[in-house]
Amino acid sequence: MNQDKIVVVMGGTSTEAEVSRRTGAAILAALQEKGCNAEGMELNPKTFAMDIQKAGAKMVFNALHGKFGEDGLLQGTLDMLGIPYTGSGVLAAAVTMDKAASKRVFISEGISTPKCHTYNSFEQKRDLAGEIMAEFGLPVVVKAASQGSSIGVYIVEKVEELAPAIKEAFSYNDEILVEEFIKGREMTVAVWGDEDKKEAFPIIEITTTSGRYDYNSKYTKGASAHIIPAPVSEEKTREMQELAIKTYTACGCKGVARVDMMYSEDETPYVIEVNSVPGMTETSLVPDAGRAMGVEFPDLCLRILAMAGFEVNA
């Protein structure tokens, strides 16, 4: 086994820091189980460039969710330092982290996605709630543009809830995304690969005890169930997997990314967003999909390293 130093970077200061630590701990344990020379590092944004060089990292396994890890900042720093890392590069990370930017990519590439409109904070002087009601009606989805793990996402079903949801979403970002509500089933498709070959994982259907796949449902054991493979026809399975690969490619992703979809009542899949650093905790989707296609979690981590150029068996 290659004994070059692998540093698993996790934590940090984002709203998703605790989930990131759980992802990082799981990855670190898996790599050590496989005999890798791996250690964990808690992200301190102010000293990271110095810390990672001091650690002697030959490869960084990015386990950061949210700010710094999924927005291109970690990737840009490592590019300047000449240290390779897992997953997507600067541009793909920045685009997929920003829901408004990724929507523009989806639309320009002809990717099926719900109708939407973006608003900037300076527009709050207008009656945004009235405008949204006129354009979308209810229910409607209001999202902070650059948050993950369903943070800053509100499904508004009552008129009196709309203005507070807009205000709360703006508390996270200067830009918000308002999106048509798609009634249907929640699906997700992981994709991995590189420029030459891309492969879609089995489709997962997500069901929850609360009826919504929110932060608590994602990270509370028993609050959600993953049905693998999703009970849809072979034709629709191929359609969703091809749509996921098209989305992954359009955004310029590398390594493993997860494409989240809504599957409407008329059996139309709609891409909602792309996660360039998907969760890898015990309740996470990608490890479950990997196991469904015969790849256990430690081997999944090794494959991700190999896609980043790390010679596992050197």
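Student: Where is Pro139 found?

Tutor: In the loop between H6 and E5. Keep in mind that this is a predicted model. The peptide bond that joins Leu138 and Pro139 is cis, with omega about -5°.

Student: And the bond from Ile228 to Pro229, cis or trans?

Tutor: That peptide bond is cis, with omega near -10°. Pro229 lies in the loop between strand E11 (224-227) and helix H9 (234-251).

Student: OK, on to H9 then. How many residues does H9 have, and how far does it reach?

Tutor: H9 has 18 residues, and from its first C-alpha to its last it reaches 26 Å. That is close to the 26 Å expected at 1.5 Å a residue.

Student: Which residues of H9 are buried?

Tutor: Lys236, Met240, Leu243, Ala244, Thr247, Tyr248 and Cys251. They cover an arc of only 135° around the axis, so they sit on the same side of H9.

Student: What's exposed on the other side of H9?

Tutor: Three glutamates: Glu234, Glu235 and Glu242 are exposed there.

Student: And what covers the buried residues of H9?

Tutor: The cover includes H4, H5, strand E8 (184-193), strand E9 (198-200), E12 and E13.

Student: Let me zoom in on Ala244. Is it buried or exposed?

Tutor: Ala244 counts as buried, because its relative accessible area is 0% and the cut-off for buried is under 20%.

Student: What is Ala244 in contact with, leaving aside its neighbours within four places in sequence?

Tutor: Val189, Val191, Val259 and Met261.

Student: How far apart are Ala244 and Tyr85?

Tutor: In sequence they are 159 residues apart, and in space they are 23 Å apart, C-alpha to C-alpha.

Student: Which residues of H1 are buried?

Tutor: Ala17, Val19, Ser20, Thr23, Gly24, Ile27, Leu28, Ala30 and Leu31. Their arc around the axis is only 165°, which puts them on the same side of H1.

Student: At what angle do H1 and H11 pack?

Tutor: Helix H1 (residues 17-33) and helix H11 (residues 297-307) pack at about 90°, and their axes are 9 Å apart. So H1 is roughly perpendicular to H11.

Student: Which residues of H1 and H11 meet?

Tutor: From H1 you have Ala26, Ile27, Ala30, Leu31 and Glu33, and they meet Phe297, Pro298, Cys301, Leu302 and Leu305 in H11. By class, that contact has 9 nonpolar, no polar and 1 charged residues.

Student: What about H4 and H5, how do they pack?

Tutor: Helix H4 (residues 90-97) and helix H5 (residues 99-108) pack at an angle of about 100°, with their axes 5 Å apart. That makes H4 roughly perpendicular to H5. Val95, Thr96 and Met97 of H4 make the contact with Lys99, Ala101, Ser102 and Val105 of H5. The classes here are 4 nonpolar, 2 polar and 1 charged.

Student: Switching to H7: which residues are buried there?

Tutor: In helix H7 (residues 159-170), the buried ones are Leu162, Ala165, Ile166, Ala169 and Phe170. Looking down the axis of H7, they fall within an arc of 125°, so they line one face of the helix. Glu160 and Lys167 are exposed on the face turned away from that buried side.

Student: What do the buried residues of H7 pack against?

Tutor: Strand E4 (116-120), helix H6 (128-136), strand E5 (140-144), strand E6 (153-156) and strand E7 (175-180).

Methods
Residues numbered from 1 in each chain as written. Predicted model: local features only at pLDDT ≥ 70, side-chain atom pairs only at ≥ 80, totals over all residues. Heavy atoms only, no water. Buried < 20%, exposed > 50% of the residue type's maximum accessible area, 1.4 Å probe, protein only. Helix = DSSP H or I, 4+ residues; strand = E, 2+ residues; numbered from the N terminus. Arc of directions from axis to C-beta. Contact = heavy atoms within 4.5 Å. Axes fitted to C-alpha atoms, helices over the stretch in contact; angles between N-to-C directions. Parallel < 35°, antiparallel > 145°, perpendicular 65-115°, else oblique. Nonpolar A, V, L, I, M, F, W, Y, C, P; charged D, E, K, R; others polar. Expected span 1.5 Å × (residues − 1).
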